[in-house]
Amino acid sequence: MDARTERTIPIASANVKSGAFEYLTTKKDELVGWARKFSLFPYPFVTACCAMEFMAVSSSPYDTDRFGAALPRFSPRQADLLMVVGTISHKQAPVLLKVYEQMCEPKWVMAFGVCATSGGFYQNYAAVQGIDRIIPVDVYIPGCPPRPETVIDGIMQLQDKIARSKHVIV
Amino acid sequence: MATALAQRLQDRLPLGVEVADGIDMPVVTLPPVALLAVVGTLKGALGFDMLLDVTAVDWPGAPQRFEVIWHFYSTTQFSRVRLKTRVPEQDPTVDSLVPLYGAAAFMERECHDMYGIGFRGNNDLRPILLYEGFVGHPLRKDYPKDREQPLVPYRTY
């Protein structure tokens, strides 16, 4: 007989139950929250110099992919985290509002840097003094620009918030 | 070099136009009516073929409140020149440079946005940095710097 016909394929003993780990119990909100907090799809609404810091935090040295929040979607309809990165001018505010309204529930908003948080040092006629005057914000990240560690801390705080909140299944 | 250039400008430009040596480039001060003639000479005979900037300065309380300023550059002589003229608050209007320099169109729009300077001959002075419906001219000294004019209603929830 040649070698090919001699070879046997071992059959996995799939139906043998070990009894070690077969099921667990949890709550619906905790399960859905756990799933959602590790699958954040950000929509980067990037307008200003904080974009450089956004690139730094999303690339390999700091790597927000570790938190499941790395894959940017460039359509708001596919995203659930709106990252507002940079100064928002009054001329731009209608665009930001429209992008926010186009996102599907559940959705979260991150104000990245002081300009998005409070207008920063642009205390003038042109800048929106904080995007929370237009859209609700879940997590504020201070700094001009924020350190990557600050952003990661903000993402983790948002994850905690998602994990703690109620998740209505319709 | 700047002094020689200033002398050459003084020789070529019409009477009533004052040429001084600024710290960085010659400064030509002229009445608004002489603008098109002087700029024509600058572009044609003196080789200033590039318009760099159109802007203004607000001097509140001065009899001629607005000072309109142009910067020119010569891409062959590598030299610059600055033009200044004064216009009153009641009629802050100067001639447009669009027939001579296409680049003037957008910069005059910006200057009209920020200072409310009118440019005779530029028939497209729509807002370029500001938006439709913005009242006032924010770089005038009497515009409160924090007077916002939001386009979307602020959130109340």
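Trainee: In chain B, what share of the contacts with a separation of 6 or more comes from residues 24 or more positions apart?
Mentor: Such residues account for 46% of those contacts in chain B. Please keep in mind that this is a predicted model.

Trainee: And what is the figure for chain A, among contacts between residues at least 6 apart in sequence?
Mentor: In chain A, 79% of these contacts join residues at least 24 apart.

Trainee: Staying with chain B, how many helices and strands does it have?
Mentor: Chain B has 3 helices and 7 strands. Along the sequence, they follow the pattern α-β-β-α-β-β-β-β-α-β.

Trainee: What box do its C-alpha atoms fill?
Mentor: Taken along the principal axes, the box for the C-alpha atoms of chain B is roughly 65 × 30 × 25 Å.

Trainee: How much of chain B counts as buried?
Mentor: The chain has 157 residues, and 26% of them count as buried. For chain A, with 170 residues, the buried share is 34%.

Trainee: Let us move to chain A, then. Which elements does it contain?
Mentor: Chain A contains 6 helices and 4 strands. Its pattern along the sequence reads α-α-β-α-β-α-β-α-β-α.

Trainee: How are the strands of chain A arranged?
Mentor: In chain A, 4 strands form an open sheet in the order β1-β2-β3-β4, and the pairing is parallel.

Trainee: Which strands stand at the edges, and why is one side of each left without a neighbour?
Mentor: The edge strands of chain A are β1 (42–46) and β4 (139–141). Each has a single partner strand, so one side of each has no neighbour in the sheet.

Trainee: By how many degrees are neighbouring strands turned against each other?
Mentor: The average for neighbouring strands of this sheet is 20°, with direction ignored.

Trainee: How many bridges join β3 of chain A to β4(A)?
Mentor: Strand β3, residues 108–112 of chain A, is joined to β4(A) by 3 bridges, and the two strands run parallel.

Trainee: Which residue in β4(A) is the bridge partner of A111(A)?
Mentor: The partner is Y140(A).

Definitions and conventions. Residues numbered from 1 in each chain as written. Chains lettered and ligands numbered in written order. Predicted model: local features only at pLDDT ≥ 70, side-chain atom pairs only at ≥ 80, totals over all residues. Buried ≥ 20, exposed ≤ 12 C-beta atoms within 10 Å, placed from the backbone. Contact = placed C-beta atoms within 7 Å. Pairing = 2+ DSSP bridges. Axes fitted to C-alpha atoms, helices over the stretch in contact; angles between N-to-C directions.
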